[in-house]
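I opened a new notebook page for this protein.

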Amino acid sequence: MLRSLLLLTETPRLLDELLKGGPVMFPLLLLSILTLTTALERGWFWIRLLIQEDRIVRDVLDAAAEDLLKAREIAEYARHLAIGRFLLAPLKLRRPSPETFRLAMEATADKEFARMRRGDKLLETIIALAPLLGLLGTVTGLIRTFNNLNVGGGGSSAEATQAASGIGEALTTTAAGMMVAIFALLVFRILVSLQSQQMDYFAEVGSELELIYREVWYEPNQPIPNLLTAAKIIEP
C-alpha cells in the first residue's frame with residue numbers, strides 16, 4: 001500500500017521534470033524508448049545465441065566426424081539460431097565439392113551478419129540526433145530566458161521566475177540529450193563488439209567443419225591417380 005502511494009507521487013514528479021524541459025523533451029523521450037526497445041530486443045537475441053552456440057557447435061562437429069546425416073539433424077534442430085543456420089547450409093548439400101561447401105557457409109554467414117547488425121542504423125541515428133535535440137532545447141530555453149529579462153527595468157519576482165524556468169529548460173534538455181546519446185552509444189558499442197567476435201567465431205567453426213568434410217568424407221572418396229600413366233606422360 002505504502003509502495004503504491006510512493007509510486008503515485010513519483011509519477012507526477014517525473015512528468016513535471018519532463019515538462020520542465022519544454023517540447024523538445026518529447027522527441028527525446030521517443031528516442032530513449034526506441035533505444036531501450038532496441039537494447040532489449042538485441043539483448044534477447046544475443047543471450048539466446050551465446051548461451052547455446054558452443055554446445056551446438058561441439059555437437060555438430062563431433063557428429064560430422066562420424067555421420068553427416070546426424071550432424072545435419074542437429075543443425076536442423078538449431079536452425080532458429082544463427083549458428084544453426086550457418087552449420088546447416090553446407091550440410092544440406094548433396095556431395096558438394098569443398099569449394100561449394102565453403103561457398104554455402106560464406107553466403108549464409110553474410111546473411112547472418114546482416115541480421116546481427118539489425119538496429120545498428122537506428123542507434124547511429126539516435127547517437128547523432130539526441131545531442132542535437134538537446135542543443136535545440138538549450139537554444140530555445142535561452143531565447144525564453146532573454147525574452148523574459150527586463151534589463152534595467154528592475155523586474156518583478158514573476159519575471160525572474162520565468163527567466164529561471166528558461167534556464168532550467170536549457171539545462172534539462174541538454175542533460176537529457178546527452179544521457180540518451182550516451183546510453184545509445186554504449187548499447188551500440190556492445191553490439192559492434194559482439195558482432196566482431198561472432199565473425200571470428202564463425203570463421204573458426206567454418207574452417208573446422210570444412211576440414212572434417214575434406215579429410216573424412218571428400219578426399220577418401222577421390223580416385224587415386226594412376227602413377228604409371230602419369231609417368232608415361234612425363235617421359236619425353
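**Salt bridges**

I looked up the salt bridges and found that the structure holds 8 of them. The term stands for a side-chain nitrogen of Lys or Arg within 4 Å of a carboxyl oxygen of Asp or Glu. I noted the general rule that side chains of opposite charge can pair when their charged atoms come close.

Before going on I wrote down the ground rules: this is a predicted model, in which local features need pLDDT of at least 70, side-chain atom pairs count only at pLDDT 80 or more, and totals for chains, interfaces and linings use all residues. Residues are numbered from 1 along each chain as its sequence is written, and side-chain values use heavy atoms, with hydrogens and water left out.

I took Glu-41 and Arg-42 to start with; they form a salt bridge in which the closest N and O atoms are 2.8 Å apart. Is Arg-42 buried or exposed? Arg-42 counts as buried because its relative accessibility is 2%. Glu-41 counts as partly exposed, at 39%. The cut-offs are under 20% relative accessible area for buried, over 50% for exposed, and partly exposed in between, with a 1.4 Å probe and protein chains only.

Next I looked up Glu-99, which forms a salt bridge with Arg-214, the closest N and O atoms being 4.0 Å apart. Glu-99 lies in helix α5 (residues 98–116) and Arg-214 in helix α7 (residues 157–218), so this pair ties together parts that are 115 residues apart in sequence. Glu-99 is partly exposed at 48%, and Arg-214 is partly exposed at 22%.

Arg-214 also meets Glu-210 in a salt bridge, at 3.3 Å from N to O. Both residues lie in helix α7, 4 residues apart, which is about one turn of the helix. Glu-210 is buried, with a relative accessible area of 11%. I then saw that salt bridges with shared partners join Glu-99, Arg-102, Glu-210 and Arg-214 into one network.

**Helices and cover**

How many helices and strands does the protein have? I counted 8 helices and 0 strands. Helices (H or I, at least four residues) and strands (E, at least two) are DSSP runs, numbered from the N terminus.

Buried residues make up 33% of the 236 residues in the protein. I checked helix α4 (residues 82–91) and found it mostly covered, with 9 of its 10 residues buried. Among them are Ile-83, Phe-86 and Leu-87.

I also looked at contacts, meaning heavy atoms within 4.5 Å. Of those between residues at least 6 apart in sequence, 76% join residues at least 24 apart.

**Surface**

The accessible surface comes to about 15100 Å², and 66% of it belongs to carbon and sulfur atoms. Accessible areas come from the Shrake-Rupley method with a 1.4 Å probe; for residues, only the protein chains shown count as cover.

I looked for patches, which are made of residues with over 30% relative accessible area and no salt bridge; like charges are joined within 9 Å, and nonpolar side chains (Val, Leu, Ile, Met, Phe, Trp, Tyr) within 5 Å.

Leu-129, Leu-132, Leu-135, Val-139 and Ile-143 make a nonpolar patch of about 450 Å². Val-139 is found in helix α6 (residues 120–148) and is partly exposed at 41%.

Asp-62, Glu-66, Asp-67 and Glu-73 form a negative patch. Lys and Arg count as positive and Asp and Glu as negative, while His and the chain ends are not counted. The place of a charge is taken as NZ of Lys, CZ of Arg, CG of Asp or CD of Glu. Glu-66 sits in the loop between α2 (25–64) and α3 (68–77), and counts as exposed at 64% relative accessibility.
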